[in-house]
Amino acid sequence: MRITKIEFGSYLTYSPKCDSDAAKASRNAMRALKDDEVLPNSQILTSEFIANLIRDNLNSLPFSNFFKAKPILVPTPRSSLIRPGTLWVPQRLANALAQRGLGKNVEPCLNRFKAVRKSATSQGDRPKAFEHYNSMEVQKIFPEPSEILLIDDIVTRGATLLGAANKLADAFPRAHIRVFAAMRTISPPDVFRSLFDPCVGNIELRGIDTFRRP
């Protein structure tokens with residue numbers, strides 16, 4: 001693969017293990033994001049709520065330059081094959097961000113032609129970046145952009161995003177590719193701080209495994 005280390009940004013965090021009230025609230029937020037629920041207090045979709053927050057607070061967020069570069073937004077494929085009517089949250093996020101001026105436009109050019117195991121339920125047999133890479137293809141239907149931002153809803157280790165970024169790099173070798181996930185998983189209970197914990201970090205390939213920091 002061309003890319004062994006890639007910069008990523010994320011806004012929210014959730015803890016799968018911590019028992020604090022903040023952690024429980026973060027898990028509720030994670031489920032609302034995964035289903036793109038309509039939020040009761042605002043009556044808008046979770047994807048739109050997150051896009052509003054990013055737009056309204058962009059200047060104070062560490063990943064602001066990701067969006068100010070006016071990148072092409074590319075939704076990350078699901079682990080399963082997308083059928084008509086399938087909920088595709090990364091695409092909804094990308095559309096919501098673009099509608100608020102946080103991207104040049106949305107190009108759903110990255111497709112999964114072979115389903116892979118769902119990471120969240122694979123336990124110790126999570127798909128590696130190479131498996132994701134080998135299950136995707138790019139429909140190159142637009143000129144090579146200078147900036148691409150790969151959009152996902154939740155990042156854990158980053159294998160999906162690294163595989164997807166490498167597939168895009170094959171098709172657009174001169175483009176600057178970065179990734180953005182609305183939420184990241186914080187597994188160690190003592191590391192989780194709060195739902196809102198924006199950051200910029202890296203996803204790196206070491207051997208066959210991926211590591212995300214922070």
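In helix 4 (residues 89–99), V89, P90, L93, A94, A96 and L97 are buried, burial being defined as under 20% relative accessible area with a 1.4 Å probe and protein chains only. These residues lie on the same side of helix 4, because they cover an arc of only 165 degrees around the axis, as given by the directions from the helix axis to the C-beta atoms. After helix 4 comes G101, with a positive phi near 80 degrees. Helices (H or I, at least four residues) and strands (E, at least two) are DSSP runs numbered from the N terminus.

The model is predicted, with local features requiring pLDDT of at least 70 and side-chain atom pairs pLDDT 80 or more, whereas totals for chains, interfaces and linings use all residues. Residues are numbered from 1 along each chain as its sequence is written, and side-chain values use heavy atoms, without hydrogens and water.

No disulfides (pairs of cysteine sulfur atoms within 2.5 Å) were found; the count is zero. For C18, which is in no disulfide, the nearest cysteine sulfur is that of C199, 18 Å away. C18 counts as buried at 14% relative accessibility, and C109 counts as buried at 1%.

The second largest pocket is lined by 13 residues, with T156, R157, S187, R212 and R213 nearest its centre. Strand 9 (residues 209–213) contributes the most to this lining, with five residues. By class, the lining of the second largest pocket comprises five nonpolar, four polar and four charged residues, with Asp, Glu, Lys and Arg counted as charged and Gly among the polar residues.

Conventions. Buried means under 20% relative accessible area, exposed over 50%, partly exposed in between (1.4 Å probe, protein chains only). On a 1 Å grid over the protein atoms alone, a cavity is a set of points where a 1.4 Å probe fits but cannot get out, and a pocket is an open set with protein on both sides within 12 Å along at least five of seven lines; lining residues have an atom within 4 Å of a point.
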